[in-house]
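Please look through the sequence and the structure before reading on.

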Amino acid sequence: SKDLLNNVRKVGEILQKGLLELCMLYPNFVSNARGAGTLCAVDIVAPRQRNTIAAQLRSKGIVVGVSGQHAIRTRPSLTLQEYHVEIFIDRFSEVLQGHESKKR
């Protein structure tokens, strides 16, 4: 259980760092990265787009939840590993890139 807790801390830091990077890369779409361990959330700037983005993530195999009008949240398994976070951030970035290219 000690290793599990250490893993959640380590992987959570990586996940939160990735979400902060997405906020910097796509400020027109995502903001307010926050969390504790691997329980994280970000706000989607436009509430209408939040459900679309969440659905697109799900279609790419990423399980996310929604909360309030703006938030997309993660509640992954405690056994989440770094490579899972890399997949999540890559797919989230792909979805956001698609929205950014439509905006132009």
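Q: What percentage of the residues of the chain count as buried?
A: This is a predicted model, and the chain has 104 residues. A residue counts as buried when its relative accessible area is under 20%. By that cut-off, the buried share of the chain is 36%.

Q: In what order do the elements of the chain run from the N terminus on?
A: The chain has 3 helices and 4 strands. Read from the N terminus on, the order of these elements is α-β-β-α-β-β-α.

Q: Which residue in β4 does Asp43 stand opposite?
A: Strand β2 also pairs with strand β4 (residues 71-74), in the antiparallel sense and over 4 bridges. In this pairing Val42 stands opposite Ile72, while the residue that Asp43 stands opposite is Ala71.

Q: What is the bridge partner of Gly65 in β4?
A: Strand β4 pairs in the antiparallel sense with strand β3 (residues 65-67), over 3 bridges. The hairpin of β3 and β4 has 3 residues between the strands, and Gly68 takes a positive phi near 60 degrees there. The bridge partner of Gly65 in β4 is Arg73.

Q: Which residue takes a positive phi in the hairpin of β1 and β2?
A: This hairpin has 2 residues between the strands, and Thr38 has its place in the loop there. The residue of the hairpin with a positive phi, near 60 degrees, is Gly37.

Q: Is Thr38 buried or exposed?
A: Thr38 lies in the loop between β1 and β2. Leaving aside neighbours within four places in sequence, Thr38 is in contact with Val8, Val11, Gly12, Leu15, Thr74, Pro76 and Leu80. Its relative accessibility is 4%, so Thr38 counts as buried.

Q: Near what value is phi of Asn32?
A: Most residues other than glycine have a negative phi. Asn32 has its place in strand β1 (residues 30-36) and is partly exposed, with a relative accessible area of 43%. Asn32 is a residue other than glycine with a positive phi, and the value is near 60 degrees.

Q: What relative accessible area does His99 have?
A: His99 lies in helix α3 (residues 82-103). Not counting residues up to four places away in sequence, His99 touches Phe29, Gln49, Thr52, Ile53 and Gln56. His99 is buried, and its relative accessible area is 9%.

Q: How far apart are the mean positions of the positive and negative charges of the chain?
A: The accessible surface of the chain comes to about 6300 Å², and 53% of it belongs to carbon and sulfur atoms. The chain has 15 positive and 9 negative charges, and the distance between their mean positions is 9 Å.

How values were computed:
Residues numbered from 1 in each chain as written. Predicted model: local features only at pLDDT ≥ 70, side-chain atom pairs only at ≥ 80, totals over all residues. Heavy atoms only, no water. Buried < 20%, exposed > 50% of the residue type's maximum accessible area, 1.4 Å probe, protein only. Areas by Shrake-Rupley, 256 points an atom, 1.4 Å probe, with all protein chains shown as cover. Lys, Arg positive; Asp, Glu negative; His and termini not counted. Charge placed at Lys NZ, Arg CZ, Asp CG, Glu CD. Pairing = 2+ DSSP bridges. Contact = heavy atoms within 4.5 Å.
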